[in-house]
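Let's take a walk through a protein model together. Have a look at the picture first, and then we'll go through some of its details.

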Amino acid sequence: MKKIISLALTALVAASVFTGCAKKNNEFYEEKNLNLMDTVVDLRASGTKATQAVKEAMKRLEEIDVMASPNNEKGDVWKINQGAGRDYVKVNPDTIKMIQMAVKYSKMSNGAFDITVSPLINLWGIGTDKARVPSDQEIKEKLSLVGYDKISIKEADNSVKLEKEGMAIDLGGIAKGFAADEVMKIFKKYNIENALIDLGGSSIYASGKNKTQSPWSIGIQHPRLDRSEGLLGIVKISDEALSTSGDYERFFIKDNKRYHHILNPATGYPADNGVMSDTIVIKGNVADANMQADILTTTVFVLGADKGMKFIESLPGIECAVTTTDNKLYSSSGFKKRLTDLHKDFTEVQ
Ligand code: ADP
Ligand code: MG
């Protein structure tokens with residue numbers, strides 16, 4: 001519930017924008033919210049074909065939700081996981097695309113991003129009513145099932161096999177980004193110029209401008225405050241993808257320690273290097289911008305502020321900011337320029 005309220009507020013910050021378009025061109029403005037992909041999706045579009053565009057986009061999101069859900073028997077992820085250690089499983093080319101992109105970033109990040117962490121995600125159960133701190137022995141056992149090098153793909157017939165029995169994949173760190181890219185394609189097809197694609201605040205794409213012909217303003221979540229209490233800051237984006245990952249999304253606290261949903265595939269524990277949240281911005285003309293932004297926020301979170309920032313600096317055209325538990329904000333030069341209203345809790349690292 002808290003999440004839903006906070007999402008509604010995310011939208012509000014960005015929304016001031018849209019009212020402009022809506023008033024000017026009221027009959028062509030369309031907004032829809034839907035519970036999908038474990039979050040609240042908010043799509044807004046203005047243009048003569050906005051209604052059709054949003055309808056088609058929601059249908060596409062429903063398809064992706066099934067495809068990427070680890071719990072839906074009709075979906076590719078479920079089928080791949082069922083066949084682990086046994087069969088190649090024929091899947092949708094979209095699923096192959098996500099897995100290939102995931103593996104690419106696993107290699108680039110030395111395994112910080114790894115969709116085969118799924119057995120550990122299930123063991124911890126973070127975000128479910130079965131969440132608990134597992135024993136070291138349990139973690140060790142599951143760690144033996146983790147390894148992106150044990151995913152085999154036969155591209156020619158769109159099939160995938162996980163080499164070890166008990167292995168499983170989880171596309172939670174990539175599917176929302178992929179989905180935002182797909183919505184963007186649909187909006188382009190319908191010539192939507194001004195739009196907001198908000199997949200639960202964690203994957204956002206804003207296209208066009210606001211009523212004053214300025215870029216959209218997106219409120220970035222303060223990692224330790226509710227949205228009603230304040231934001232980390234405001235970032236302006238235009239035809240760009242923005243993704244945020246944080247240790248506040250799904251977590252529990254035990255003995256004063258926060259256990260959250262982003263796992264370090266090397267240790268089997270939630271990443272514990274002082275990062276509270278990170279945000280990535282990528283230009284919309286970069287292929288798969290939202291999917292890359294989604295992957296990279298999780299990756300930087302696992303790498304930590306120093307290594308993470310260096311990693312991002314090695315990738316052209318990508319901007320990043322990281323908040324740490326000592327209340328510092330690290331940001332790339334491009335990000336600094338666009339961030340305003342930084343919350344007083346944080347000090348920028350120069
Ligand atoms: P959100 O779902 O809020 O956008 P992220 O994009 O950071 O959060 O993705 C976190 C999700 O990614 C987790 O819930 C889990 O499904 C998956 N995940 C956790 N750790 C890793 C990791 N090291 N590599 C790849 N995926 C991960
Ligand atoms: Mg994400």
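Is N327 buried, partly exposed or exposed? With a relative accessibility of 28%, N327 counts as partly exposed, since the buried class stops under 20% and the exposed class starts over 50%. Keep in mind as you read that this is a predicted model.

You'll find N327 in the loop between strand 14 and strand 15 (residues 328-331). Its phi is positive, at about 60°, even though N327 is not a glycine. Why point that out? Most residues other than glycine have a negative phi.

D239 is another case: it isn't a glycine, yet its phi is positive, near 50°. Look for D239 in the loop that runs between strand 9 (231-237) and strand 10. With 38% relative accessibility, D239 counts as partly exposed.

## Rings that meet

Now for the aromatic side chains. Searching the whole structure turns up three aromatic pairs. In one of them, W124 and Y269, the ring centres are 5.5 Å apart and the planes sit at 70°, so this pair is edge-to-face; the cut-off for that label is over 60 degrees. W124 belongs to helix 5 (118-124), while Y269 is in the loop between strand 12 (257-260) and strand 13 (275-283), so the pair ties together parts that are 145 residues apart in sequence.

How exposed are the two partners? W124 is buried, at 1% relative accessible area, whereas Y269 is partly exposed, at 26%. Zoom out a bit and you'll see a cluster, in which ring pairs link W124, F252, Y259 and Y269.

## Charges over rings

Rings can have a charged neighbour too. K154 has its charged end over the ring of Y88, 4.2 Å from the ring's centre. R258 lies over the face of F251, and here the distance to the ring centre is 4.2 Å.

## A closer look at H260

H260 is part of strand 12, and with a relative accessible area of 3% H260 is buried. Which backbone atoms lie by polar atoms of its side chain? One is the backbone nitrogen of I262, at 3.2 Å from a polar side-chain atom of H260. Another is the backbone oxygen of A271, at 2.9 Å from a polar side-chain atom of H260.

Leaving aside residues up to four places away in sequence, H260 touches I126, D247, R250, F251, P270, A271 and F301.

How many cavities of 30 Å³ or more does a search of the whole structure find? The search finds one. The largest cavity holds about 40 Å³ of space. Its lining includes I220, L232, S277, D278 and T279, and strand 13 and strand 14 (318-324) each give at least two residues to that lining.

Then there's the largest pocket, with a volume of about 1,200 Å³. It is lined by 47 residues, and of these D38, I121, D170, G172 and R250 are the closest to its centre. Several elements give two or more residues to the pocket's lining, among them helix 2 (50-68), helix 5, helix 7 (175-189) and strand 10 (240-246).

Note on methods:
Residues numbered from 1 in each chain as written. Chains lettered and ligands numbered in written order. Predicted model: local features only at pLDDT ≥ 70, side-chain atom pairs only at ≥ 80, totals over all residues. Heavy atoms only, no water. Phe/Tyr/Trp six-rings, centres within 6.5 Å; stacked < 30°, edge-to-face > 60°. Helix = DSSP H or I, 4+ residues; strand = E, 2+ residues; numbered from the N terminus. Buried < 20%, exposed > 50% of the residue type's maximum accessible area, 1.4 Å probe, protein only. Lys NZ or Arg CZ within 6 Å of the ring centre and 35° of its normal. Polar contact = N/O pair within 3.5 Å; in protein donor to acceptor, adjacent residues only side chain to side chain. Contact = heavy atoms within 4.5 Å. 1 Å grid on protein atoms, 1.4 Å probe; cavity = no way out; pocket = protein on both sides within 12 Å on 5 of 7 lines; lining within 4 Å. Points joined across faces, edges and corners; volume = space filled by probe spheres on them.
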